[in-house]
Amino acid sequence: KYIDKMKKNPLTRAFRIDKFTATVLEMIFHEYLNEENAIKNIPVLSLITKDIKEIEESAKKLYEKLSDIKVEDTLSQIGGGSLPTEKIKSKCISIVPKNISTTSLEEQLRLNENPVVARISDDKLIIDMRCILEDEIEILAEKIINILK
């Protein structure tokens, strides 16, 4: 009964997906079937499952390149959707800039050619190292050094 009404509704055609969309969705669903492949190939899953020791090593590498920062424990919020309040252990760097305001530092990083999303807490800029890839550490250090000059 309802199916007949749906078939007659003109919006049914507007909401129908094409073959390309169906193929892409199928490919994505197949990625999720194998957990190891999903973690390796889907960046968000890779970041969520990143080992705390690996995050700490990344934080130490950045710490070695910058002065006046601290490496601290933090909690990463996974995000909205199905896990809006889920948090996992992580490491962050915190910066208390001397020559500019924390807000200005955050804004300059965010508005940079390659934006860096950070947060401000207790007048410190916090960058969660769970979200920084290995090959981005050098770039991030250079950006922060250039802004703080």
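This is a predicted model: local features need pLDDT of at least 70, side-chain atom pairs count only at pLDDT 80 or more; totals for chains, interfaces and linings use all residues.
Residues are numbered from 1 along each chain as its sequence is written, and side-chain values use heavy atoms, with hydrogens and water left out.

Let's begin with β4, which covers residues 124-128. Helices (H or I, at least four residues) and strands (E, at least two) are DSSP runs, numbered from the N terminus. How many residues of β4 are buried? The count is 4 of its 5 residues, so the strand is mostly covered; buried here means under 20% relative accessible area, exposed means over 50%, and partly exposed is in between, using a 1.4 Å probe and protein chains only.

Now for the partners of β4. Two strands pair if DSSP finds at least two bridges between them. Strand β2, residues 87-95, pairs with β4 in the antiparallel sense over 4 bridges, and Cys92 has Asp128 in β4 as its bridge partner. Strand β3, residues 119-121, is also antiparallel to β4, with 3 bridges joining them.

Next, please find Ser94, which lies in strand β2. Is Ser94 buried or exposed? Ser94 is buried, at a relative accessible area of 3%. Its side chain makes a polar contact of 2.9 Å with the side chain of Glu72. A polar contact is a pair of N or O atoms within 3.5 Å; within protein, one must be able to donate a hydrogen and the other to accept it, and residues adjacent in sequence count only if both atoms are side-chain atoms. Leaving aside neighbours within four places in sequence, Ser94 is in contact (heavy atoms within 4.5 Å) with several residues, including Lys124, Leu125 and Ile126.

On to charges. A search of the whole structure finds 7 salt bridges, each being a side-chain nitrogen of Lys or Arg within 4 Å of a carboxyl oxygen of Asp or Glu.

One of them joins Lys61 and Glu134, with the closest N and O atoms 2.3 Å apart. Lys61 sits in helix α6 (residues 52-65) and Glu134 in the loop between β4 and α8 (137-148), so this pair ties together parts 73 residues apart in sequence. Lys61 is partly exposed at 36% relative accessible area, and Glu134 is partly exposed at 42%.

Another salt bridge links Asp73 and Lys91 at 2.4 Å, N to O. Because Asp73 lies in strand β1 (residues 69-77) and Lys91 in strand β2, the pair ties together parts 18 residues apart in sequence. Asp73 is exposed at 61%, whereas Lys91 counts as buried at 13%.

My last pair is Arg110 and Glu106, whose side chains meet in a salt bridge of 2.8 Å, N to O. They are 4 residues apart in helix α7 (residues 102-110), so about one helical turn separates them. Arg110 is partly exposed at 36%, and Glu106 is buried at 12%. Elsewhere, salt bridges that share partners join Glu56, Asp73 and Lys91 into one network.
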